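Subject: Structure for your files

Hello,

Here is the structure you asked about, with notes on the ligand site and the domains below it.

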Amino acid sequence: MPRQPLNQLNTFKLAINASELVTISSIEQLLSLLPTDEPVLVLGGGSNMLFTQDYAGLILHNRLTGISITEDQDNYYLEVAAGENWHDLVMSCAEQGIAGLENLALIPGTVGAAPVQNIGAYGVEFADLCQHVQAIDLRTCMARTFNAEQCQFAYRESLFKSQRHYFITGVRLKLPKAWQPMLAYGELKTWSADLDIMPSSLEVAQKVMGVRQHKLPDPASIPNVGSFFKNPIIDAQRAKILKDKYPAMPQYAAGVETKLAAGWLIDQLGLKGYCIGGAAVHERQALVLVNQGSASPTDVIRLAKYVRAQVWQNFGVNLEPEVNFIDATGYSDIDKV
Ligand code: NAP
């Protein structure tokens, strides 16, 4: 069986191979490959994947392209193919004066990956903008359209994350023309307080890019997959106990529960820069694990487990990975590797 290198298709740049790799550029081509008995994995930008070993199956690399924009009196409607780059879409809209996506600038990955983990940043989530998601069921080859409610969006969660047998082909977004920038979060709040007039969508996008570029390593120069862990949501009673013990701990309301900043917890333990083999906790943003150049999957796994164990021992808080663990046959789990 030939081995297809995936080192350019995972932003951790791990030296991993797959048995078979096909670039999908049309739905007809996708359907011609289905159904199959082989393990199948859908890959977009590879910016949220940790391959723990070589993949013994078929990788479908989503490169479906095309964007169409329509409008009525109140809204813009964007029909976007899933293989388009998310950040390019955000910037192209902001440059055309189509507002609403700007807070989600510089989130890596494809448009098709956006609904899977319901990407969100600085108070805006994909779910807020989504009208529907189109997908092919890999088991039945049937095309399906899911409205926003059917997508079961939650914090970094969706139907497509809990049921991995969908190949997302496109999304439809609705962006109201009556737009107000969302500037409630830290850096955006401080920045906008000093402005005389309301910033444009493009100005907000550029500010978000500046904040992210300052804090986060560019995967093109320091391989990484962005936030490695999700920000934990815990019950309010437990949060109060932690707040009494650590008054500086950032806490945010999340419905009746409380959201903590995973990066803060890791930072408090002095783990910035901590490394195992070629894998390290990033020096500026503790939530990001990086490949210093020669990391093996085992190095990354050991580092992630160490960080998680330290946070558990010191704060009694369980960190769940945001990154997907992929073993030889598909989605796995930090507790299984
Ligand atoms: P940050 O701004 O230091 O925030 C850390 C945590 O505090 C996040 O859980 C964030 O909530 C929460 N938070 C901060 N200010 C808040 C406020 N005013 N109200 C409510 N919650 C607040 O986080 P960061 O790591 O530098 O990331 C910046 C932004 O990018 C965050 O919004 C983060 O969620 C987002 N991000 C998203 C992804 C993704 O979609 N996969 C990956 C990386 C980062 P939220 O998580 O609800 O924003």
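The domain bounds used here come from an automatic or database domain assignment. This is a predicted model: local features need pLDDT of at least 70, side-chain atom pairs count only at pLDDT 80 or more, and totals for chains, interfaces and linings use all residues. Residues are numbered from 1 along each chain as its sequence is written, and side-chain values use heavy atoms, with hydrogens and water left out.

Domains

The protein is divided into domain 1 (4-62), domain 2 (67-214) and domain 3 (229-320). Between the C-alpha centres of domain 1 and domain 3 there are 29 Å. Seven residues from domain 1 and eight residues from domain 3 make the contact (heavy atoms within 4.5 Å).

Ligand

The ligand is surrounded by 18 residues (a heavy atom within 4 Å of it), and the closest are Tyr 155, Lys 215, Asn 231, Lys 259 and Glu 322. Domain 2 and domain 3 both give residues to this shell, so the ligand lies between them.

Polar contacts (pairs of N or O atoms within 3.5 Å) include these:
- Gln 117: a side-chain N or O atom is 3.2 Å from a ligand nitrogen atom.
- Tyr 185: a polar side-chain atom lies 3.1 Å from a ligand nitrogen atom.
- Arg 212: a polar side-chain atom lies 3.5 Å from a ligand oxygen atom.

Regards

Terms used
Polar contact = N/O pair within 3.5 Å; in protein donor to acceptor, adjacent residues only side chain to side chain.
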